[in-house]
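Let's take a walk through this model together. Have the sequence and the 3D view open, and we'll go helix by helix.

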Amino acid sequence: MKNPLDSIWATIISGLVLTAALVVAAKNFLL
Amino acid sequence: MELIPALARWLHFLAGIMWVGLLYYFNFVQIPALKAAAADGTAAGITKHVAPRALLYFRWSAVVTWLAGAALLGGQFVSAFTLSKGHALIGIGAWLGTIMLFNVWVIIWPNQQKILGLRPATDEAKNRARRTALLASRANLMLSIPMLFFMAGGLTHRAAFGL
């Protein structure tokens with residue numbers, strides 16, 4: 001499998017997915 | 001508004017814009033430009049005159065950003081980093097920023113020193129350093145997206161996301 005960090009757009013999408021995952025985690029476990 | 005937090009916030013923004021701005025410059029401009037420049041033999045202009053200056057401001061603005069952020073947190077520093085109630089959101093942003101600072105000083109800068117010939121390295125070591133520095137820089141680009149989301153959290157986030 002290709003590393004998403006090799007592509008700038010896949011990196012940005014990964015950042016958006018990570019943001020969404022952290023928002024869900026924060027809402028459910030931290031707040 | 002108290003003077004120290006106001007100055008710390010101002011400095012945090014100024015240095016943070018320089019740090020993340022240069023991170024975006026590396027990823028969106030310099031890396032693709034180097035590929036094109038290598039093809040027509042003009043890469044030396046970038047690696048000799050542009051990259052060392054950009055890296056100088058990049059790594060030191062990262063330090064200033066972190067220190068100003070720590071000063072801004074003040075007595076809430078420990079609460080933020082332990083993700084305590086009421087400080088969890090800024091704490092996530094602070095952790096992401098701290099991981100990014102670690103990447104700059106422990107991975108990106110030592111490898112860039114090899115790539116730019118500031119430290120002796122074989123061609124094979126330089127190639128490995130290029131790959132490692134690229135991945136660390138891209139990881140920081142990825143981390144900057146949630147970092148800025150949580151750092152900028154305020155009323156908008158509460159309204160839109162119930163945070």
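A quick word on handedness before we start: a crossing is called left-handed if the near helix is turned anticlockwise from the far one by less than a right angle, and right-handed if it is turned clockwise. You're looking at a predicted model, where local features need pLDDT of at least 70 and side-chain atom pairs count only at pLDDT 80 or more, while totals for chains, interfaces and linings use all residues. Residues are numbered from 1 along each chain as its sequence is written, and chains are lettered from A and ligands numbered from 1 in the order in which they are written.

Start with chain B as a whole. Its secondary structure comes to six helices and zero strands, where helices (H or I, at least four residues) and strands (E, at least two) are DSSP runs numbered from the N terminus. Along the sequence, that reads α-α-α-α-α-α. Taken along the principal axes, the C-alpha atoms of chain B fill a box of roughly 55 × 30 × 25 Å.

Now for how helices sit against each other. Two packed helices are described by the angle between their axes and the distance between the axes. Here, axes are lines fitted to C-alpha atoms, for helices over the stretch in contact, and angles run from 0 to 180 degrees between N-to-C directions.

Take H1(B), residues 3–39, and H2(B), residues 43–73: their axes come within 7 Å and cross at roughly 155°. That makes H1(B) roughly antiparallel to H2(B); angles under 35 degrees count as roughly parallel, over 145 as roughly antiparallel, 65 to 115 as roughly perpendicular and the rest as oblique. The crossing of H1(B) and H2(B) is left-handed. Their contact has 24 nonpolar, six polar and one charged residues. For these classes, Ala, Val, Leu, Ile, Met, Phe, Trp, Tyr, Cys and Pro count as nonpolar, Asp, Glu, Lys and Arg as charged, and the others, Gly among them, as polar.

Further along come H4(B) and H5(B), with axes that come within 8 Å and cross at roughly 160°. These two are therefore roughly antiparallel to each other, and H4(B) passes H5(B) in a left-handed crossing.

In H4(B), a kink of about 35° lies at Ile108(B), shortly before the proline Pro110(B). H5(B) bends by about 30° at Ser144(B), with Pro146(B), a proline, following within four residues. Just after H4(B), look for Gly117(B), which takes a positive phi of about 80°.

Finally, see where the chains meet. The contact takes 17 residues from chain B and 15 residues from chain A, with two residues in contact if their C-beta atoms, placed from the backbone, lie within 7 Å. On the chain B side, H5(B) gives the most, with eight residues. That side divides into 14 nonpolar, two polar and one charged.

Leu22(A), Ala26(A) and Leu30(A) of H1(A) meet Ala88(B), Leu89(B) and Ile92(B) of H4(B).

Note on methods: Bend = angle between axes of the 7 residues up to and from the residue.
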